[in-house]
Amino acid sequence: MIEVEKKFKLNPEQERRLIESAQLIEVKRHEDIYFDTDDFALTRQDHWLRTRNGRFELKRRVHELGHKLGGTAYDEIEDEEGIREFLHLPGNGSLESNLHSAGYKPFAPIRKERRSYKRGDFHIDLDICDFGHDLAEIELMIDNAQDRGKALERIEALATELGLDQTPVRGKIIEYLYRFSPDHYDALVEAGVI
């Protein structure tokens, strides 16, 4: 499955409209730690390796760099074997030790509270981050990357219907890099990720 999402910065009234007919699924706290090499080999390609609450995940980009349609689409790899295969790592030892040997190291810790909702077939996440960046993500899951444009149109139609501000907003990790790691942020701008 491919996740198509668009990020929004909401005022309290917009948030109320977005979730008023949605079903609360869960409230969780997450601790995400992102990993990359010193030359940003993964993130310059818009691939994101992290641990979430101690478990490795990799979000593999399936959209064109530059986000020409205005949203993002990622295939999520959540099993260690799939992550090893994607990163061309050996199958012996722990994934963490293999990553370290290949030059991957942590570069951004982000803690957040996430409230997740379901509204029809839309998934909505409201994130409150520990570094003062709050945002909403509206997502649809698709089977085929060719349906990305249609999914994004549906997300934008919902946002228009609810009167949400559709001004582009930086996601959590991009905002973190913008504030705390300008060299990494600039490398992503140069690579066309941002």
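1. Two strands count as paired if DSSP finds at least two bridges between them. Strands (E, at least two residues) and helices (H or I, at least four) are DSSP runs, numbered from the N terminus. By that reading, β7 and strand β8 (residues 134-142) pair antiparallel over six bridges. Within this pairing, Ile-128 has Asp-134 in β8 as its bridge partner.

2. A word on the source: this is a predicted model, where local features need pLDDT of at least 70, side-chain atom pairs count only at pLDDT 80 or more, and totals for chains, interfaces and linings use all residues. Residues are numbered from 1 along each chain as its sequence is written, and side-chain values use heavy atoms, leaving out hydrogens and water.

3. On its other pairing, β7 runs antiparallel to strand β6 (residues 105-119), joined by eight bridges. Here Arg-115 is partnered with Leu-126 of β7.

4. Both turns are worth a look. The β6 and β7 hairpin has two residues between the strands, and Gly-120 takes a positive phi near 65°. The hairpin of β7 and β8 has four residues between them, with Gly-132 in the turn at a positive phi of about 85°.

5. How covered is strand β7 (residues 122-129)? Six of its eight residues are buried, meaning under 20% relative accessible area, with exposed over 50% and partly exposed in between (1.4 Å probe, protein chains only).

6. Lastly, please look at helix α2 (residues 80-87), where Glu-81 is found. Glu-81 is exposed, with a relative accessible area of 62%.
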